[in-house]
Amino acid sequence: MIEVRNLTKYYGKQPGIEDVSFEAAQGEILGFLGPNGAGKTTAMRILACYLPPTSGEARVAGFDVLTESREVRRRIGYLPESVPLYRDLTVSDYLEFVARLKGMPSSQRGSRIRRVIEECGVGEVRDRTIGKLSKGYRQRVGLSQALINDPEVLILDEPTVGLDPQQIIEIRELIRSLSGRRTIVLSTHILPEASLLCRRVIIINKGRLVTADTPENLKNRLRRSMIVDVVLRGDLEAARALLSSLPDVKSAAALVSKEGVHTIRVESRDDRDTREALSRVLVERGFGLLGVGTVDLSLEEIFVQIVTREELD
């Protein structure tokens, strides 16, 4: 559905993105991650035919964004980071204006506007002026305009920026409900959002693609040791020293102590599964073992490791 090959964009002599290549399949939610200034918005704008690339190729639904931009625009919906809203129009009037702008036949406008109003949950405010709406509702109206032409591809640049926690949850669920039939490219710096929504993520740094994979595969690739949290009762320092002395243990650090219950994080050597050995030695030495569980890398930790490694290289 989306094919990007060696895409490059220069602003004067300064590269926005360089030699970026990736694909997104039909119905996929693809996460586009990177620090501020990494090139995410540049890539989004090229896909939306808002900016021309300096070199390389990008195709959406089989059409080239540079030479067939009209066909691409017919098939995409674009929500930029700053939502393009006319604050003095009502929600209904604004969507009517956008539908006309996108060349939708008059016979289809009414039903399509009603559909996106229902789909995006703005029915209660359809007759209110946009300038009087909350930030969360304005974001929903922005999604409505992106969906008005029933696009095959939805490009969302930081769709939850500036929202409160409840509004973030609502917009996140709305985006999830839009997937399946549509391909969605989601740019975000909120890493839990990408982890919850995206089957596959792309990490970009300083304009260059660093990696593209599923969050789970990234965890497996970066995991150099097994990390285990041990919960127990007894002398904390004695337990920590005991665990540190085991041959397969790289480190053991106390995390939490509350009401006589301690948590010690143990990192093994060479990804060895130490859970059985840890449990056995603690029980043999008389500690009250309450639990042993593995700790997965979060997407934040993956992101930091990959970006840091790229900058060091």
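Predicted model: local features only at pLDDT ≥ 70, side-chain atom pairs only at ≥ 80, totals over all residues.
1. Largest pocket. Its volume is about 700 Å³. The lining comprises 19 residues, and those closest to the centre are Arg73, Val98, Leu101, Lys102 and Gln145.

2. Make-up of that lining. Three elements each supply at least two residues: helix 2 (69–75), strand 6 (76–79) and helix 3 (91–101). Helix 3 gives the most, with 4 residues. By class, the lining of the largest pocket holds 12 nonpolar, 3 polar and 4 charged residues.

3. Second largest pocket. The volume here is about 200 Å³. Of the 18 residues that line the second largest pocket, Asn36, Gly37, Ala38, Lys40 and Thr41 lie nearest its centre. Strand 2 (14–24) and helix 1 (40–47) are the elements that give two or more residues to this lining.

4. Classes in the second lining. The residues lining the second largest pocket divide into 4 nonpolar, 9 polar and 5 charged. For the largest pocket the corresponding counts are 12, 3 and 4.

5. Asp157. This residue is found in strand 7, which spans residues 153–157. Asp157 is buried but has no salt bridge. Which side chain of opposite charge is nearest to Asp157? That is Arg45, 5.7 Å away, whereas a salt bridge requires a side-chain nitrogen of Lys or Arg within 4 Å of a carboxyl oxygen.

6. Contact with Thr41. The side chain of Asp157 does make a polar contact, at 2.9 Å, with the side chain of Thr41. Thr41 is also one of the residues nearest the centre of the second largest pocket.

Conventions
Residues numbered from 1 in each chain as written. Heavy atoms only, no water. 1 Å grid on protein atoms, 1.4 Å probe; cavity = no way out; pocket = protein on both sides within 12 Å on 5 of 7 lines; lining within 4 Å. Points joined across faces, edges and corners; volume = space filled by probe spheres on them. Nonpolar A, V, L, I, M, F, W, Y, C, P; charged D, E, K, R; others polar. Buried < 20%, exposed > 50% of the residue type's maximum accessible area, 1.4 Å probe, protein only. Lys, Arg positive; Asp, Glu negative; His and termini not counted. Polar contact = N/O pair within 3.5 Å; in protein donor to acceptor, adjacent residues only side chain to side chain.
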